[in-house]
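Walk through this structure with me, one contact at a time.

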Amino acid sequence: LFAQYRPQVIFHSAAYKHVPMLQYYPAEAVRVNVGGTQQVSGLARDYGAERFVLISTDKAVNPTNIMGASKRLCELLMHSLAQQPGNRTLFTSVRFGNVLGSRGSVVPTFSRQIDLGGPVTVTDRKMMRYFMTIPEAVNLVIHAACMTKGDDLFMLQMGEEVCIIELAERMIRLRGLRPYTDIPIVITGTRPGEKLREELRAEFETMLPTVHPSIVQLASQRNGLQPTLFNDQLNTLFTRGLAEEEDPLGVLSSLISLGEREMEFGKV
């Protein structure tokens, strides 16, 4: 496909995103999320694509689950590729939270549950999430792609956090129904890998304004240097896979720490 069509701009959004599922199948997270990103971004470089945009997630910040760790590795991979000698492709990452109305989003799930008469299921009363609409997300991602100069990490301004149980109550009332009376709300408990609150940036990342009021650039001393050992270890992981006796999150977290250290202290 790359040889035939020679794409100029690639938006890499394909990934396994189901947090609890990837806790059960971490090898698939490595194969698809990290390996798939390496393969497509490598082709973009080899065929001289102008821009490559990785769609990342707030779960990549201080990751506590396999999905988030796999996405953080992809962000580090973008930095690595951007620094390779002779590279002509502008590699960038765009990080944001949940998208309302997307597949697996809580809003369509709540709507189906209300249509069936309930119950509406919420994992925890304290569960908070950032949301934006599909048109907003698409618009801002395209703007970020236009703005990149290569080796950038952008973050979309997500507004205020939303309390999930309050969202459920509001959706029930919008149907002219009463929460807990007409439609029950059941607390089911957090699922494997879930955080109660997400973060949009790490402590070591500084927010810098851009020409777009809804897009900020995240900068740190760990961005933009040559993580050679990180690349070697990543290739070793792809070659040998995850051993059954290993803690998969521990393996991925060690790789993340290695990549960040290499970018902090390495030299181009």
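This is a predicted model: local features need pLDDT of at least 70, side-chain atom pairs count only at pLDDT 80 or more; totals for chains, interfaces and linings use all residues.

**Salt bridges, a helix and a pocket**

Asp115 and Arg175 form a salt bridge, with 2.7 Å between the closest N and O atoms. Asp115 lies in helix α5 and Arg175 in the loop between α7 and β10, so this pair ties together parts that are 60 residues apart in sequence. Asp115 is exposed, because its relative accessibility of 57% is over the 50% cut-off. Arg175 is partly exposed, at a relative accessible area of 39%.

Two others sit within helices. In the salt bridge between the side chains of Glu28 and Arg31, the N to O distance is 2.8 Å. Why can these two be paired along the helix? Both belong to helix α3 and are 3 residues apart, so about one helical turn separates them. Glu28 is partly exposed, with 27% relative accessibility. Arg72 and Glu75 make a salt bridge too, and their closest N and O atoms are 2.7 Å apart. Again the spacing is 3 residues, here in helix α4 (residues 66-82), so the two are about one helical turn apart. Both Glu75 and Arg72 are buried.

Back to helix α3, which spans residues 26-46 and holds Gln38. Leaving aside residues up to four places away in sequence, Gln38 touches Leu77, Asn235 and Phe238. With Asn235 there is a side-chain polar contact of 3.0 Å. Ile134 is another matter: its C-alpha is 26 Å from that of Gln38, and the two are 96 residues apart in sequence.

Next comes helix α7, residues 164-174. Its buried residues are Ile164, Ile165, Leu167, Ala168, Glu169, Met171 and Ile172. What covers them? The cover includes helix α5 (106-115). It also includes the strands β5 (120-122), β6 (128-129), β7 (131-133), β9 (162-163) and β10 (185-187). After α7 comes Gly176, with a positive phi near 80°.

Now the cysteines. A disulfide is a covalent bond between the sulfur atoms of two cysteines. How many disulfides does a search of the whole structure find? It finds 0. Cys146 is exposed, at 57% relative accessibility. Cys163 is buried, at a relative accessible area of 11%, because that value is under the 20% cut-off.

Last, the empty space. Rolling a probe the size of a water molecule over the atoms shows where such space is left. The largest pocket has a volume of about 1400 Å³. It is lined by 46 residues, and those closest to its centre are Asn98, Ser102, Arg103, Gly104 and Ser105. Which elements each supply at least two residues of the lining? They are α2 (19-24), β2 (51-57), α4, β4 (98-100), α5, β5 and α6 (134-147). Helix α6 gives the largest share, 5 residues. Two names return here from earlier. Helix α4, which holds the Glu75 and Arg72 pair, contributes to the lining of the largest pocket. So does helix α5, where Asp115 lies.

Technical notes. Residues are numbered from 1 along each chain as its sequence is written. Side-chain values use heavy atoms; hydrogens and water are left out. Helices (H or I, at least four residues) and strands (E, at least two) are DSSP runs, numbered from the N terminus. Contact means heavy atoms within 4.5 Å. A polar contact is a pair of N or O atoms within 3.5 Å; within protein, one must be able to donate a hydrogen and the other to accept it, and residues adjacent in sequence count only if both atoms are side-chain atoms. Buried means under 20% relative accessible area, exposed over 50%, partly exposed in between (1.4 Å probe, protein chains only). A disulfide is a pair of cysteine sulfur atoms within 2.5 Å. A salt bridge is a side-chain nitrogen of Lys or Arg within 4 Å of a carboxyl oxygen of Asp or Glu. On a 1 Å grid over the protein atoms alone, a cavity is a set of points where a 1.4 Å probe fits but cannot get out, and a pocket is an open set with protein on both sides within 12 Å along at least five of seven lines; lining residues have an atom within 4 Å of a point. Grid points are joined across faces, edges and corners, and a volume is the space filled by probe spheres set on the points.
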